[in-house]
Amino acid sequence: MCYNKPCRCSCDMTLVKANEKYIGEYSPGTFAYGSADGYKTLWMKLPDNSICVIPIEPTGTDKQNWEWDGNLNKPTLKPAIVHWTVINGKQHEAWHGEIKEGRMESV
Ligand SMILES: [Zn+2]
């Protein structure tokens with residue numbers, strides 16, 4: 001478990017068949033595909049142990065701001081992800097990094 005805020009860890013990604021309810025029980029780097037509100041989504045357990053849900057399809061909608069390269073096992077997303085957390089009522093950067101060729105790379 002990483003308690004650094006912000007977390008500067010990086011890790012390889014592992015695809016699992018999980019849903020949002022269960023992905024939280026996996027290690028950082030674990031990811032799964034699912035759907036929410038009519039979108040195909042990428043669910044990820046980030047290096048800081050937070051869960052991030054990114055809509056990847058359909059493209060060109062208000063909500064779909066990330067470009068996915070279509071690689072199921074080693075996905076690349078653009079742009080980078082900045083995940084925030086709230087501690088004592090103040091927003092803090094929890095993890096900032098790139099999803100690149102199946103790796104979560106801190107930047
Ligand atoms: Zn960390």
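The questions below concern a few backbone features of this predicted model.

Me: Why is Asn88 called exposed?
Reply: Asn88 has 5 other C-beta atoms within 10 Å of its own, and a residue counts as exposed if that number is 12 or fewer, so Asn88 is exposed. Asn88 is found in the loop between strand E8 (81–87) and strand E9 (90–100).

Me: Why is Asn49 called partly exposed?
Reply: Around Asn49 there are 16 other C-beta atoms within 10 Å, whereas exposed residues have 12 or fewer and buried residues have 20 or more; the value for Asn49 falls in between, and therefore Asn49 is partly exposed. Asn49 sits in the loop between strand E4 (39–45) and E5.

Me: Which residues are joined by the cis peptide bond whose omega is about 0 degrees?
Reply: That cis bond joins Lys5 and Pro6, and Pro6 belongs to the segment before strand E1 (11–12).

Me: What is the omega of the cis peptide bond between Glu57 and Pro58, and where does Pro58 lie?
Reply: The omega of the cis bond joining Glu57 and Pro58 is about -5 degrees, and Pro58 lies in the loop between strand E5 (51–57) and strand E6 (67–68). Most peptide bonds are trans.

Note on methods: Residues numbered from 1 in each chain as written. Predicted model: local features only at pLDDT ≥ 70, side-chain atom pairs only at ≥ 80, totals over all residues. Helix = DSSP H or I, 4+ residues; strand = E, 2+ residues; numbered from the N terminus.
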